[in-house]
Amino acid sequence: MHRVTLLAFNLFILCNLNSCCKITKRDRAKEHCSDVGEGVEIGQMNDKDMEEASGLAYSRLQSRVLYTINDHGGPNSVIALSESGAKMTDIILEGIINEDWEDIATTVTEGVSYILVSDTGNNDHDRDDLAILRFQEPDLSSEDVVTIERANTEVLEVRYDGFSYDCEALGELT
């Protein structure tokens, strides 16, 4: 539980830095860039179930598997993809609503791999029910659709002090 609380704290720091820092493009070019080279396209996702992909995270259990989610108001599922972009599996989060999912991440806590979904979208600054969802990463080797029971999804409610921010990303300090 402490690790999830720390993750939520880091989430707040990232969001508050994003909303408070005013870095100009010129400053960013000088101080905040690194030479990482050009990107290489290795696949393309073309799935009718994916209206607006929001976030991408590699599996910690299965080689060459990525996870993504639909943004604002999409289905209550995480989509597993191959590195080529082909849909492998839907992971249905039973009893969970996609109010405004923004990002996805994976993490390992005490040897257990988890998927984290950030339900922290708040473009109009009027939501009080922001949350990070956490559930154990499933083995995808034998199922076309995986259902995670509601009791197996931890909902960490998060709140900002004084203002209802929009937060678009998850982050973890290592």
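Exposed, for a residue, means over 50% relative accessible area, buried means under 20%, and partly exposed lies in between (1.4 Å probe, protein chains only). The model on screen is predicted, so local features need pLDDT of at least 70 and side-chain atom pairs count only at pLDDT 80 or more, whereas totals for chains, interfaces and linings use all residues. Residues are numbered from 1 along each chain as its sequence is written, and side-chain values use heavy atoms, with hydrogens and water left out.

**Salt bridges**

Side chains of opposite charge can pair when their charged atoms come close. A salt bridge is counted where a side-chain nitrogen of Lys or Arg is within 4 Å of a carboxyl oxygen of Asp or Glu. The search of the whole structure returns 6 salt bridges; the tour visits several of them.

**First selection: Arg64 and Glu83**

Select Arg64 and Glu83, whose closest N and O atoms are 3.6 Å apart in a salt bridge. This pair links distant parts of the chain, 19 residues apart: Arg64 is in the loop between β1 (57–58) and β2 (65–69), and Glu83 is in the loop between β3 (77–82) and β4 (87–93). Strands are DSSP runs of E, at least two residues long, numbered from the N terminus. Arg64 is exposed, at 58% relative accessibility, while Glu83 is partly exposed, at 24%.

**Next selection: Lys87 and Asp90**

Move to Lys87 and Asp90, where the side chains form a salt bridge with an N to O distance of 2.9 Å. Lys87 is partly exposed at 28%, and Asp90 is buried at 16%.

Finish at Asp103, in strand β5 (residues 103–109). To display the surroundings, select residues in contact with Asp103 (heavy atoms within 4.5 Å). Beyond its neighbours within four places in sequence, these include Ser54, Ile69, Val117, Glu168 and Leu170.

Methods:
Helix = DSSP H or I, 4+ residues; strand = E, 2+ residues; numbered from the N terminus.
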